[in-house]
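Please take a friendly walk with me through this protein, one topic at a time. Have the sequence and the 3D view ready as you read.

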Amino acid sequence: MKKKTALSLVFPAACPPDSKFLLALSGGVDSMVLAHRLVELGVDFAVAHCNFQLRDTASHQDEAFVKQWADNQGVRCFSVRLATNTYADHHHLSIQMAARALRYQWFDHLCNLYGFDYVLTAHHLDDQMETFLINSFRGTGLKGLLGIPAQHKNYIRPMLHLTKAEVVNYANQKQLLWREDASNQSNHYLRNHLRNRAIPPLLEA
């Protein structure tokens with residue numbers, strides 16, 4: 001029987017303990033693990049969920065799942081439905097870039113409106129590797145090769161030192177519930193192709 005271990009979160013030393021945190025909660029395993037650890041640690045936080053309306057019923061089920069979790073935990077929940085396809089067409093962006101722009105705009109709006117000091121996201125070490133490879137393929141400069149920062153302005157990524165396997169293992173040990181995004185299995189996007197096809201052999205080498 002495997003020993004159950006706590007998952008460590010890393011916050012900047014300059015982050016005051018009484019800060020107001022907003023967690024970006026998609027309902028996927030990564031953000032649900034972060035949410036669970038914040039509850040365990042007694043951190044005062046609210047959650048924000050973006051429904052990009054890209055997967056029909058599944059998108060609305062994700063939204064309902066996050067709202068139910070927040071209600072069960074007594075955590076304040078903000079949710080928004082975004083016209084991602086329309087925004088992408090209007091601004092001549094890919095769907096992924098449009099979704100990224102929309103969610104960060106909304107997170108910033110919530111911080112300004114409700115006085116949140118920091119936004120927490122559940123990026124992990126595998127995301128870091130994917131970003132490094134994508135930037136390398138596209139011919140980036142030094143900034144791009146540095147990948148995802150642990151903190152950028154008021155955005156903090158306290159799980160950036162953890163691998164995806166560690167995150168999933170913790171979720172299974174704690175018997176957490178989460179939502180699987182079926183689009184993650186598609187290799188249509190470069191990031192998904194790297195995640196599903198290119199990186200696993202590298203990790204096994």
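Let's start with disulfides: a disulfide is a covalent bond between the sulfur atoms of two cysteines. Counting a pair of cysteine sulfur atoms within 2.5 Å as a disulfide, the total here is zero. This is a predicted model, where local features need pLDDT of at least 70 and side-chain atom pairs count only at pLDDT 80 or more, while totals for chains, interfaces and linings use all residues. Residues are numbered from 1 along each chain as its sequence is written, and side-chain values use heavy atoms, with hydrogens and water left out.

- Buried means under 20% relative accessible area, exposed means over 50%, and partly exposed lies in between (1.4 Å probe, protein chains only).
- Cys50 has a relative accessible area of 11%, so this residue is buried.
- Cys77 is at 28% relative accessibility and therefore counts as partly exposed.

**The overall plan**
- The protein chain has eight helices and six strands; helices (H or I, at least four residues) and strands (E, at least two) are DSSP runs, numbered from the N terminus.
- Along the sequence, their order is β-α-β-α-β-α-α-β-α-α-β-β-α-α.
- Of the 205 residues in the protein chain, 41% are buried.
- A contact means heavy atoms within 4.5 Å. Among contacts between residues at least 6 apart in sequence, 71% join residues at least 24 apart.

- Why is strand 2 described as largely enclosed by the rest of the structure? Seven of its seven residues are buried, so the rest of the structure largely encloses this strand.
- In a regular strand the side chains alternate between the two faces of the sheet.
- In strand 2, Phe45, Val47, His49 and Asn51 point one way, Ala46, Ala48 and Cys50 point the other way, and all are buried.
- Two strands pair if DSSP finds at least two bridges between them. Strand 1 and strand 2 run parallel and are joined by four bridges, with Ala24 opposite Ala48.
- The chain goes from strand 1 through helix 1 to strand 2 in a right-handed β-α-β crossover. Right-handed means that, with the strands pointing away from the viewer, the path from the first strand over the helix to the second runs clockwise.
- Strand 2 also pairs with strand 3 (residues 77-81) in the parallel sense, over five bridges. Ala48 stands opposite Phe78 in strand 3, and Asn51 has Arg81 as its bridge partner.
- Strand 2, helix 2 and strand 3 form a right-handed β-α-β unit.

**The nonpolar cores**
- In soluble globular proteins, nonpolar side chains tend to be buried together.
- A nonpolar core is a set of buried Ala, Val, Leu, Ile, Met, Phe, Trp, Tyr and Cys residues joined through side-chain atoms within 4.5 Å.
- The largest nonpolar core has 29 residues, and Leu23, Val33, Val47, Trp69 and Met159 touch the most other members.
- Two or more residues of this core come from each of strand 1 (21-24), helix 1 (29-41), strand 2 (45-51), helix 2 (57-73), strand 4 (118-120) and helix 7 (164-173). Helix 1 gives the largest share, six residues.
- Not counting residues up to four places away in sequence, Trp69 touches Leu25, Met32, Ala35, Val39, Phe45, Val47 and Val75.
- A second, separate core of 22 residues includes Cys50, Ala98, Tyr104 and Val119.

- Ser31 lies in helix 1. At 4% relative accessibility, Ser31 counts as buried.
- A polar contact is a pair of N or O atoms within 3.5 Å; within protein, one must be able to donate a hydrogen and the other to accept it, and residues adjacent in sequence count only if both atoms are side-chain atoms. The side chain of Ser31 reaches the backbone nitrogen of Ser26 at 3.2 Å.
- Asp117 sits in the loop between helix 4 (95-114) and strand 4. At 38% relative accessibility, Asp117 counts as partly exposed.
- A polar atom of the Asp117 side chain lies 2.7 Å from the backbone nitrogen of Lys20.
- Leaving aside neighbours within four places in sequence, Asp117 is in contact with Ser19, Lys20 and Asn154.
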